[in-house]
Amino acid sequence: MNVRINFVPRSDLDLIALYVHPDFDMCRQMKRAVIAYVRGDESFLISLPNRPLPSPVQIKNYQTSFSLSPKTDEDVIRFLSQVRYKYRGLAVKLIFRMYMERAYLDACFDEVMYPLLKEGSTADIPEYQIPLDKKKDAVNIRSSAKGRSQNMKNEKRSDLSIQAPINKTKLVSSELEKPDSPVKRDFSGENILKEAKDPELQKEDGSTTDNDDFDFDAAFAKLMS
């Protein structure tokens with residue numbers, strides 16, 4: 001059986017400080033603590049490092065694991081198998097703290113030797129230690145940004161396709177083809193529209209206007225007188 005333990009700075013700062021210390025074997029001590037708890041070994045005690053951390057170590061998410069053999073650790077495997085789902089690591093950490101000789105609070109006060117990774121950053125963290133929700137958020141942000149960019153390109157293309165090109169030659173030819181006079185002719189029998197009177201055109205056609213009609217009565221009266 002393989003038991004995996006995750007350390008998170010927000011709740012496991014003391015355990016992370018022990019994990020990164022070169023004089024402390026976290027994997028071995030955790031396995032010994034669980035075995036001692038299951039088998040009721042009251043004399044077991046976890047000794048902490050005597051010297052401070054030699055060089056600064058960045059505080060971030062860490063992970064450790066230990067293996068249990070069915071031949072020699074059957075009782076321990078049976079105990080851990082009864083722990084509810086996703087709480088096995090928490091149970092192991094609580095047992096480990098119970099056997100510590102004292103509280104290890106160095107990282108809670110020394111910000112120089114134990115600098116915290118910027119909150120929300122996943123830099124320098126192995127891929128398998130990054131929470132799934134942060135992975136999904138990063139993927140959604142990239143996909144939404146890509147989608148917005150593609151939508152903007154599609155909108156520009158649609159705007160260009162809607163605007164039909166202006167045919168200047170057609171506009172000029174249509175202006176030249178406009179009639180000089182708004183006269184309408186209707187040759188449909190009785191419904192004949194009267195043409196607009198144009199004296200110049202009437203003279204050319206040989207037609208006369210109402211003012212040019214000959215007054216026969218006036219001429220006859222003048223002749224008789």
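What share of the 225 residues in the chain is buried? Buried residues come to 24% of the chain, with buried taken as under 20% relative accessible area, exposed as over 50% and partly exposed as in between (1.4 Å probe, protein chains only). This is a predicted model, in which local features need pLDDT of at least 70 and side-chain atom pairs count only at pLDDT 80 or more, while totals for chains, interfaces and linings use all residues. Residues are numbered from 1 along each chain as its sequence is written, and side-chain values use heavy atoms, with hydrogens and water left out.

Confidence comes next. The pLDDT (the predictor's confidence in each residue, from 0 to 100) averages 74 over the chain, and 56% of the residues score at least 70. Over residues 186-198 the pLDDT is below 50, and this stretch has 9 contacts in the model beyond near neighbours in sequence; a contact here means heavy atoms within 4.5 Å. Residues 201-211 also stay under 50, with 5 contacts beyond four places in sequence.

As for the fold, the chain has 9 helices and 2 strands. These elements are DSSP runs numbered from the N terminus, helices being H or I with at least four residues and strands being E with at least two. Going along the sequence, the pattern reads β-α-α-β-α-α-α-α-α-α-α. Of the contacts in the chain with a separation of 6 or more, 77% are between residues 24 or more positions apart.

Take Val92, which sits in H4 and counts as buried because its relative accessibility is 1%. Leaving out neighbours within four places in sequence, Val92 is in contact with Val3, Ile5, Met30, Val34, Phe66 and Leu80. Val92 and Ile5 are 87 residues apart along the chain, yet their C-alpha atoms are separated by 7.9 Å.

The loops have buried residues too. Asp73, a charged residue by class, lies in the loop between S2 and H3, and its 6% relative accessibility is why Asp73 counts as buried. Outside the four places on either side in sequence, the contacts of Asp73 are Lys31, Ile35, Arg39 and Leu68.

The loop between H2 and S2 holds Leu53 and Val57. Leu53 has 7% relative accessibility and so counts as buried; Val57, at 18%, therefore counts as buried as well. Not counting residues up to four places away, Leu53 is in contact with Val20, His21, Pro22, Met113 and Tyr114, while Val57 touches Val20, Tyr62, Met113, Tyr114 and Pro115. In C-alpha terms, Leu53 and Val20 are separated by 8.5 Å at 33 residues apart along the chain, and Val57 and Met113 by 6.2 Å at 56 residues apart.

Now for the open space. A 1 Å grid over the protein atoms alone was used, where a pocket is an open set of points at which a 1.4 Å probe fits, with protein on both sides within 12 Å along at least five of seven lines; lining residues have an atom within 4 Å of a point. The second largest pocket holds about 420 Å³ of space, the volume being that filled by probe spheres set on the points, which are joined across faces, edges and corners. Of its 17 lining residues, Lys86, Tyr87, Arg88, Gly89 and Leu90 are the closest to the centre. By class, the lining has 7 nonpolar, 4 polar and 6 charged residues, where Ala, Val, Leu, Ile, Met, Phe, Trp, Tyr, Cys and Pro count as nonpolar, Asp, Glu, Lys and Arg as charged, and the others, Gly among them, as polar.

The phi of Lys86 is near 75°, a positive value in a residue other than glycine. Most residues other than glycine have a negative phi.

Last, the cysteines. With a disulfide taken as a pair of cysteine sulfur atoms within 2.5 Å, the count is 0. Cys27 has 27% relative accessibility and so counts as partly exposed, and Cys108, at 47%, also counts as partly exposed.
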